[in-house]
Amino acid sequence: MPMQERLQHLFSVVSGQRFLNKQGLGNEVPFFICPYRPEEAVEIERLQRQLVNRLEQAGIRILSINLYDLAVDILKERDIWEQVLELEPTVSKDQLKELLQGVLDPEAHLVPAIAAKLQSVEFDVLFLSGVGEVFPYIRSHNVLNNLQSTAKDQPTVMFFPGSYTHSLETGASLDLFGRLHDDKYYRAFNIFHYEA
């Protein structure tokens, strides 16, 4: 689907009362995946900004959280950002990944930081981005699993560089970058399959 068609579809869905009122979800959490090809990342960032502008002009308040920016903020708040920068060239990638997974654990640190942002402003829809930038130390399915109790009152749209597939054999899967097929997540809806 061309970018302008995607923008129009996303605008139609997100601005619709069915979406805003969480109808047609069958008691599931109002989580939506907006999958895109990884090579479209720059275009999708632009599309997301345009979408936010159009929605806000239509009176729909969007809270945008970039997971990479949030991770850096958490590291700075915990006074370990400089240490991570100093350590990075001297440790293996696995050691750095382990360190970052510990200090940015979704349940202990990331989701509480998201929850604080949710409580600090009034909004109608949460947009999550930066999924590719925080891989592999933050996994999208872990974020969504831990957000289920925190972000259930308003719809959440995760912009995802890859595909969100459903099959009878394997169930639902978030396939990051179109290559990693191990993130099982069943409770979200593909926003391009949701009717406006």
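Strand β3 (residues 125-129) is largely enclosed by the rest of the structure, because five of its five residues are buried. Buried here means under 20% relative accessible area, exposed means over 50%, and partly exposed lies in between (1.4 Å probe, protein chains only). Strands (E, at least two residues) and helices (H or I, at least four) are DSSP runs, numbered from the N terminus. Both faces of β3 are covered. Val-125, Phe-127 and Ser-129 are buried on one side, Leu-126 and Leu-128 on the other. Strand β2 (residues 62-66) runs parallel to β3 and is joined to it by five bridges. Two strands count as paired if DSSP finds at least two bridges between them. Within this pair, Ser-64 has Phe-127 of β3 as its bridge partner.

The model is predicted: local features need pLDDT of at least 70, side-chain atom pairs count only at pLDDT 80 or more, and totals for chains, interfaces and linings use all residues. Residues are numbered from 1 along each chain as its sequence is written, and side-chain values use heavy atoms, with hydrogens and water left out.

Strand β1 (residues 31-36) is also described as largely enclosed by the rest of the structure, since six of its six residues are buried. Phe-31, Ile-33 and Pro-35 form one buried side, and Phe-32, Cys-34 and Tyr-36 the other. Two bridges join β1 to strand β7 (residues 189-190), and the two strands run parallel. Phe-32 has Phe-189 of β7 as its bridge partner.

The segment after β7 holds Tyr-194. Tyr-194 counts as buried because its relative accessibility is 7%. Leaving aside residues up to four places away in sequence, Tyr-194 touches His-9, Val-13, Arg-18, Phe-19, Gln-23, Leu-25 and Phe-32. A contact means heavy atoms within 4.5 Å. Tyr-194 and Val-14 are 180 residues apart along the chain, yet their C-alpha atoms are separated by 9.9 Å.

The loop between α3 (41-57) and β2 contains Ala-58. Ala-58 has a relative accessible area of 46% and is therefore partly exposed. Its C-alpha atom is separated by 9.8 Å from that of Phe-11, 47 residues apart along the chain.

Several loops carry backbone features of note. The peptide bond from Phe-135 to Pro-136 is cis, with omega near 10 degrees. Pro-136 lies in the loop between α8 (131-134) and α9 (140-147). Lys-22 is not a glycine, but has a positive phi of about 60 degrees. This residue sits in the loop between α2 (17-20) and β1. Lys-22 counts as partly exposed, because its relative accessibility is 30%. Asp-79, likewise not a glycine, has a positive phi of about 60 degrees. Asp-79 falls in the loop between α4 (67-77) and α5 (81-87). With a relative accessible area of 65%, Asp-79 is exposed.

Overall, the chain has nine helices and seven strands. Along the principal axes, the C-alpha atoms fill a box of roughly 50 × 40 × 30 Å. Buried residues make up 47% of the 196 residues. Of the contacts between residues at least 6 apart in sequence, 76% join residues at least 24 apart.
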